[in-house]
Amino acid sequence: MKKNYTTRDSFAQTQLGRLGAKSALYRIQWPTRLFAFLGWIGLLFAGIYYPITVGLALFGVGFLNYVLLLSFRISNNFFKKPTTTDNAFIGHLSSWPSFSILVPLKNEDEVIHATLRSIEALDYPQYLMQVIIVVEETDQLTRRSLRSVTLPSFFKVLLIPALPPYTKGRALLHALPIATGEYITVYDAESRPEPSQLRKAAWALAEAKETTCFQAKISIFNRSSSWISRHFAGEYYEWYERHMRALSAQGLPFGLGGNSFFLSKNALEKAGAWDPFNVTEDADLSVRLIEQGVKLQLLESITTESCPDSATNWINQRTRWNKGLFITQLVHLRRTLFSRGFGLEGWSSFWLPMISSSLTPFFNIYIPIYMIMSDLSYATTTVMSISLWLLLAFNLGCSWVINFKTYRELGIKQSALGIFWDTFRYLFLHLGAGFKAYGEYFLAPMHWHKTDHTESEKSNHTAPSPEAQFSLS
């Protein structure tokens, strides 16, 4: 069915009025994108036209950017940091809180059945759970899939109009007004929360001394389906078990995942909820929560999910992430430098890796063009080439060692040579996604690449370990 781009969703329009300049819509208008494109082209030509001044300066910044990006990963994996969290224990509460679980779906088939079973199997009183499944009225595939199963009484299917913007944030906004739970969480089509997750979240929220949003860890269950999913699983393990765990232990802010976070409805609404015009609504929400003084903490609980296992699907998903994070920086970066909640250390740890990642595609284009087209001496070009090749070799070596360690911890059986080959070809996926994200920001900033959640290897799905059932009454 042809999409309607002429009429905007009323919930999105109302939210735009609430967020004002904090909405991504104002950073994706044609004038802004044209200005960014002309600035990008201007830097490229200035570097070529003034090779000894502007050109070398941009080369130096690009080289330092590569070093900075690599240093973040080295720091996460080789330097010992505080990693303890204090929310693994589940105690008894005299009164257990209620949860509204929002499940936005789009063009999903049988993959959602396992998710719905996992939600139903959560070890929590059903009278304290409300599950809102959000589906577009015209999405016959998902509606047919939902009709093929019997949903429990605490599940509700909410049909929303198929109007722009076609984003997850818009779907969640429709569910928020009818959410009756004291706390809100979101699960995606492929999310499989462990049975004790709500109990752990309820206990952690009750014990928190300040307003806190808890993020559960995400683990990839189809890690054996392809070399891409194998490497993706390692990335997620690094992010949650090393990077995010360290930031949480130090009380520093981090970006939330798109699902399995737990937050009071009141705090969510005070922060402005989701921006329907941002394709990475989770990163955008993280910024506004931090500004509201909400503390972000890692929850000692696991949600398993599948990841893309083909190059096309991976690049499409990562393109959306890269594009959305770039837009989020345009919206919030400068404004948050002196805003409440971050602090200098928190601002640096939150934004610098994101900035470095967003600049990398530009330098990946600029540096080879500059070196080929500029009138540089042979000696200068030789020094620059040797420096870049040495940095690439060092990057590959460090990444190989890190991946070797990560694969072993995840129980992924792969030879040392195979791990190096995974590391090498994964770089080309990042290159492709980075270039495509830049192109889509200029040409299609709100295009949402739908991730294919087809489970290519269901037999490899290892559910969270069985846990003893506790009475919460």
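Contact means that heavy atoms lie within 4.5 Å. By that rule, Y26 touches L16, G20, A21 and T32, leaving out residues up to four places away in sequence. This is a predicted model, where local features need pLDDT of at least 70, side-chain atom pairs count only at pLDDT 80 or more, and totals for chains, interfaces and linings use all residues. Residues are numbered from 1 along each chain as its sequence is written, and side-chain values use heavy atoms, with hydrogens and water left out.

**Residue Y26**

- Y26 sits in the loop between helix 1 (10-19) and helix 2 (30-49). Helices are DSSP runs (H or I, at least four residues), numbered from the N terminus.
- Y26 is partly exposed, with a relative accessible area of 39%. Partly exposed falls between buried (under 20% relative accessible area) and exposed (over 50%), using a 1.4 Å probe and protein chains only.
- From C-alpha to C-alpha, Y26 and I178 are 28 Å apart in space, and 152 residues apart in sequence.

**Residue K168**

- K168 belongs to helix 6 (residues 168-175).
- K168 is buried, at a relative accessible area of 12%.
- The side chains of K168 and D188 make a polar contact at 2.8 Å. A polar contact is a pair of N or O atoms within 3.5 Å; within protein, one must be able to donate a hydrogen and the other to accept it, and residues adjacent in sequence count only if both atoms are side-chain atoms.
- The K168 side chain also reaches the backbone oxygen of G258, at 2.8 Å.
- Residues that K168 touches, not counting those up to four places away in sequence, include P104, V186, E281 and W448.

**Helix 3 with helix 13**

- Helix 3 (residues 51-78) packs against helix 13 (residues 378-410) at an angle of about 15°, with axes 11 Å apart. Axes are lines fitted to C-alpha atoms, for helices over the stretch in contact, and angles run from 0 to 180 degrees between N-to-C directions.
- Helix 3 is therefore roughly parallel to helix 13. Angles under 35 degrees count as roughly parallel, over 145 as roughly antiparallel, 65 to 115 as roughly perpendicular and the rest as oblique.

**Helix 12 with helix 14**

- The axes of helix 12 (residues 343-373) and helix 14 (residues 416-443) come within 9 Å and cross at roughly 95°.
- So helix 12 is roughly perpendicular to helix 14.
- Among the residues making the contact are F362 of helix 12 and F435 of helix 14.

Note on methods
Helix = DSSP H or I, 4+ residues; strand = E, 2+ residues; numbered from the N terminus.
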